[in-house]
Amino acid sequence: MRVGVVTFPGSLDDVDAQRAVRFGGNEAVPLWHGDHDLKGVDAIVLPGGFSYGDYLRCGAISRFSPVMAEVIEAAERGMPVLGICNGFQILCESHLLPGALIRNDHRKFVCRDQRLRIENNRTPWTSSYDANAEVTIVLKNGEGGFVADQETLDRIEGEGQVVARYLDVNPNGSMRDIAGITNARGNVVGLMPHPEHAVEDLTGAGTDGLGFFTSLAATVLT
């Protein structure tokens, strides 16, 4: 698949995401925040970083980038979209995902190898994982606490929209230990940890993040 990786001013992990896309057996297509054209891609990754310096609120300015009008339209048509960390924040600001990400409850930036449980392996981004697989993926954020009202939390829990949940420790105060969610349709996924930093044994926390990128190819073949 041709996977577009968007670069915003302040993106830090766009090149890492492109590399992970290639490791997953797909073609990485660079996209710029000012683009009005998705270049015919089959899926999109919104990478981590500090888009527009997070000067207003994480993801709040990026949500109005020209490319996001195209991303929102494509997502609503069913195109797979993955938002990682800052990308997760952008998806929430764009109302493609419910809830919001706020400052960590301990008010400190966290960087650690984080254990997770994959709770929904029925999305285009998680189908390579076994149900309830336990993985270790790099986490690094200062505003990673997922919050939503009780009605929304009950709905996403009841409808299986929690994609990943923190194990052992809640690193940022996310409600119900939620590390990632999907929309009702299942094509849009937001994840606070960084799977693109866990795709090879040579560096990082191993290869547990690779499934987020191999899943796309598996989806095409099924």
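Strand 6 (residues 110-118) and strand 9 (residues 162-166) run antiparallel and are joined by three bridges. Strand 6 also runs antiparallel to strand 7, with eight bridges between them. The model is predicted; local features need pLDDT of at least 70, side-chain atom pairs count only at pLDDT 80 or more, and totals for chains, interfaces and linings use all residues. Residues are numbered from 1 along each chain as its sequence is written, and side-chain values use heavy atoms, with hydrogens and water left out.

- Nine strands make an open, mixed sheet in the order 2-1-3-4-11-10-9-6-7.
- Strand 2 (27-32) and strand 7 (134-141) are the edges, each pairing on one side only.
- The twist averages 25° from one strand to the next.
- Strands are DSSP runs of E with at least two residues, and helices are runs of H or I with at least four, both numbered from the N terminus.
- Two strands pair if DSSP finds at least two bridges between them.
- Ile-118 has Ala-164 as its bridge partner in strand 9.
- Leu-116 is partnered by Tyr-166 in strand 9.
- Val-110 is partnered by Asn-141 in strand 7.

**Thr-182**
- Thr-182 sits in strand 10 (residues 178-182).
- Its relative accessibility is 2%, so Thr-182 counts as buried (buried is under 20% relative accessible area, exposed over 50%, partly exposed in between; 1.4 Å probe, protein chains only).
- The Thr-182 side chain reaches the backbone oxygen of Val-188 at 2.8 Å.
- Beyond four places in sequence, Thr-182 touches residues including Leu-97, Asn-120, Gln-161 and Val-189 (contact means heavy atoms within 4.5 Å).

**Salt bridges**
- The structure holds 13 salt bridges (a side-chain nitrogen of Lys or Arg within 4 Å of a carboxyl oxygen of Asp or Glu).
- Lys-140 and Asp-13 meet at 3.1 Å, N to O.
- Lys-140 lies in strand 7 and Asp-13 in the loop between strand 1 (2-7) and helix 1 (14-23), so this pair ties together parts 127 residues apart in sequence.
- Asp-13 is buried at 4%, and Lys-140 is partly exposed at 22%.
- Glu-73 bridges to Arg-77, with the closest N and O atoms 3.4 Å apart.
- Both Glu-73 and Arg-77 lie in helix 2 (residues 66-77), four residues apart, about one turn of the helix.
- Asp-154 bridges to Arg-176, with the closest N and O atoms 2.7 Å apart.
- Asp-154 is in helix 4 (residues 150-158) and Arg-176 in the loop between strand 9 and strand 10, so the pair ties together parts 22 residues apart in sequence.
- Shared partners link Arg-117, Glu-119, Asp-154, Glu-157, Arg-165 and Arg-176 into one salt-bridge network.

Note on methods:
Axes are lines fitted to C-alpha atoms, for helices over the stretch in contact, and angles run from 0 to 180 degrees between N-to-C directions. A polar contact is a pair of N or O atoms within 3.5 Å; within protein, one must be able to donate a hydrogen and the other to accept it, and residues adjacent in sequence count only if both atoms are side-chain atoms.
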